[in-house]
Amino acid sequence: METYDFFAPNVKVIAKTQVLVVGSGPAGISAAVAAKRSGAETLIVEHHGCLGGALSVGMVQSYNFSTNKFPQVLTGIPKEIEERCRNYGASAPDYRGAGIFIESELYKCMLDAWFEEENVKILLYTTVCGVFVEQNTVKGVYCVNKSGIGIILADCVIDATGDGDVAVQAGAEYQMQEKNKLQPVTVVFGLSGVDVDLFEKHYKAHPVGDKDFGFQPVFRAARENNDFKLPKRGGAWKSLTPNGEIKSANLTVISEIDATDCWDVTKAEIECRKQILEIVRVFRKYGADIGLGNCSVRNIATQLGIRETRRIVGEYILTEQDVLEQRNFDDGVGRLLTCIDLYGNYQKSRYPKELETFSVPYRALVPKAVDGLLVAGRCISCDEISFGAVRLMVGCALTGQAAGTAAALSVKEGVAPRKLDINLLREKLSRDGVNL
Ligand SMILES: Cc1cc2nc3c(=O)[nH]c(=O)nc-3n(C[C@H](O)[C@H](O)[C@H](O)COP(=O)(O)OP(=O)(O)OC[C@H]3O[C@@H](n4cnc5c(N)ncnc54)[C@H](O)[C@@H]3O)c2cc1C
């Protein structure tokens, strides 16, 4: 590839903080709250104009395993997210009974209020585009925003970007599947003009697992007429409001997209929007019986829904066996269900009926060979199968809380995160309500 050296003299230091969290999905939110509560001055930086990540700008509204049916995994800040959304009026039960539905727009407002209460500093519309490293230790980041290019200095940085952007820029090793094996991307959208009585009658008569569940009969009718070529056959939806809105429909799908490649994400966004128009055309033509005859596009997510990209290689790589054998680790920082959700890979996915859990080792949050840095969320250190067990939102929030707490403690103790006394961390997490 052709390259140029890029010189930017006199770059301004726009902030100095003890803990810097980059990215504000479930992982970043939990990391920032945990770091601040553990005594560190904390700043969270987000590329978009609101906090929330996939839950807000991505309109992915399923906060799975977040009901009292899962008391072993829903503890600490992941549980607090559920409680705060409920108290704020930003959630509703998920029709599948597996968790709650979180309303993206109110979630943004809930987070603003929560962060004001916690006194965590926020910087929006700011993208981290480089890392300032000295002797293998991250000292801060370069970022770009409306004010130009700036530097943020920090004693410890948490990479909660989903894609491991900061860790990779700092030189950390990572793994990523070949493009044709990555989980597909989706642009989530909302519908309006749905006939509530007809749609409700239909989905109550055809529960999950039924061949006519959800949108399946409509796609089938269009296919039989040779009038629909897209890959989707079913798909999930969230929250049908009394005035005929489906606030989140997960129906578009594109494979072979490397979401760390600027051209691929551009292509995916545009292709998914074409799919949305096609899906709505088919709903209107073939879906009148189930209440979709007059539906139209309500809104389209601001951000492409990315399921899988890089996994940063840490001091330990969580494996499929660890999950299947329900392993406990001496440096465990919380428990997750052994549910492995590998979208579309049904051979390797599993949805256990029993409440089986495994623990997530702290070493999976500590990148190999780079100091001053922790990772949280879907980019932690795991193999491509165990990834299916850590990528769900509750899991991302869990690793976020652990990373935020560890970052604050390592700053306080004056040690690198990899040298942090694990008992100190586990005791603090336990006091903060985490089931270890
Ligand atoms: C279509 C779809 C459906 C899903 N369904 C479910 C489901 O039903 N249940 C479930 O639990 N999970 C589901 N998931 C998975 C879940 O949403 C994600 O794995 C989870 O949100 C990842 O959390 P995170 O905090 O690691 O990252 P994200 O939520 O992706 O947040 C990362 C944040 O970092 C910001 N960012 C990225 N790079 C930079 C940068 N360089 N500088 C500044 N900011 C940056 C982004 O703007 C974003 O806000 C789904 C995902 C998708 C895409």
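**Helix packing, strand pairing and buried loop residues**

The expected span of a helix is 1.5 Å times one less than its number of residues. Helices (H or I, at least four residues) and strands (E, at least two) are DSSP runs, numbered from the N terminus. The model is predicted: local features need pLDDT of at least 70 and side-chain atom pairs count only at pLDDT 80 or more, while totals for chains, interfaces and linings use all residues. Residues are numbered from 1 along each chain as its sequence is written.

The buried residues of H2 are Gly76, Ile77, Pro78, Lys79, Ile81, Glu82 and Cys85. A residue is buried if 20 or more other C-beta atoms, placed from the backbone, lie within 10 Å of its own, exposed if 12 or fewer, and partly exposed in between. After H2 comes Gly89, whose phi is positive, near 75°.

Helix H2 (residues 76-88) packs with helix H3 (residues 104-118) at an angle of about 110°, and their axes are 10 Å apart. H2 is therefore roughly perpendicular to H3. Axes are lines fitted to C-alpha atoms, for helices over the stretch in contact, and angles run from 0 to 180 degrees between N-to-C directions; those under 35 degrees count as roughly parallel, over 145 as roughly antiparallel, 65 to 115 as roughly perpendicular and the rest as oblique. Arg84, Cys85 and Tyr88 of H2 meet Leu106, Tyr107, Met110 and Trp114 of H3, where contact requires C-beta atoms, placed from the backbone, to lie within 7 Å. Of these residues, six are nonpolar, none is polar and one is charged. Ala, Val, Leu, Ile, Met, Phe, Trp, Tyr, Cys and Pro count as nonpolar, Asp, Glu, Lys and Arg as charged, and the others, Gly among them, as polar.

For helix H7 (residues 262-286), 25 residues at 1.5 Å each should span 36 Å, in agreement with the 36 Å between its end C-alpha atoms. Buried in H7 are Ala268, Cys272, Gln275, Ile279, Val280, Val282, Phe283 and Tyr286. Their cover includes helix H6 (216-224) and strand S14 (296-300). The axes of H6 and H7 come within 9 Å and cross at roughly 90°, which means that H6 is roughly perpendicular to H7. Val218, Phe219, Ala221 and Ala222 of H6 make this contact with Val282, Phe283 and Tyr286 of H7. By class, the contact comprises seven nonpolar, no polar and no charged residues.

Strand S5 (residues 99-102) pairs with strand S3 (residues 62-64) in the antiparallel sense over three bridges; pairing requires that DSSP find at least two bridges between two strands. Strand S4 (residues 91-93) is also joined to S5 by three bridges and runs antiparallel to S5. Phe101 in S5 stands opposite Ser62 and opposite Ala92.

Gly52 lies in the loop between strand S2 (42-45) and S3. Gly52 is buried, with 26 other C-beta atoms within 10 Å. Its C-alpha atom is separated by 4.8 Å from that of Gly25, 27 residues apart along the chain. Not counting residues up to four places away in sequence, Gly52 touches Ser24, Val57, Tyr107, Lys108 and Leu111.

Technical notes
Contact = placed C-beta atoms within 7 Å.
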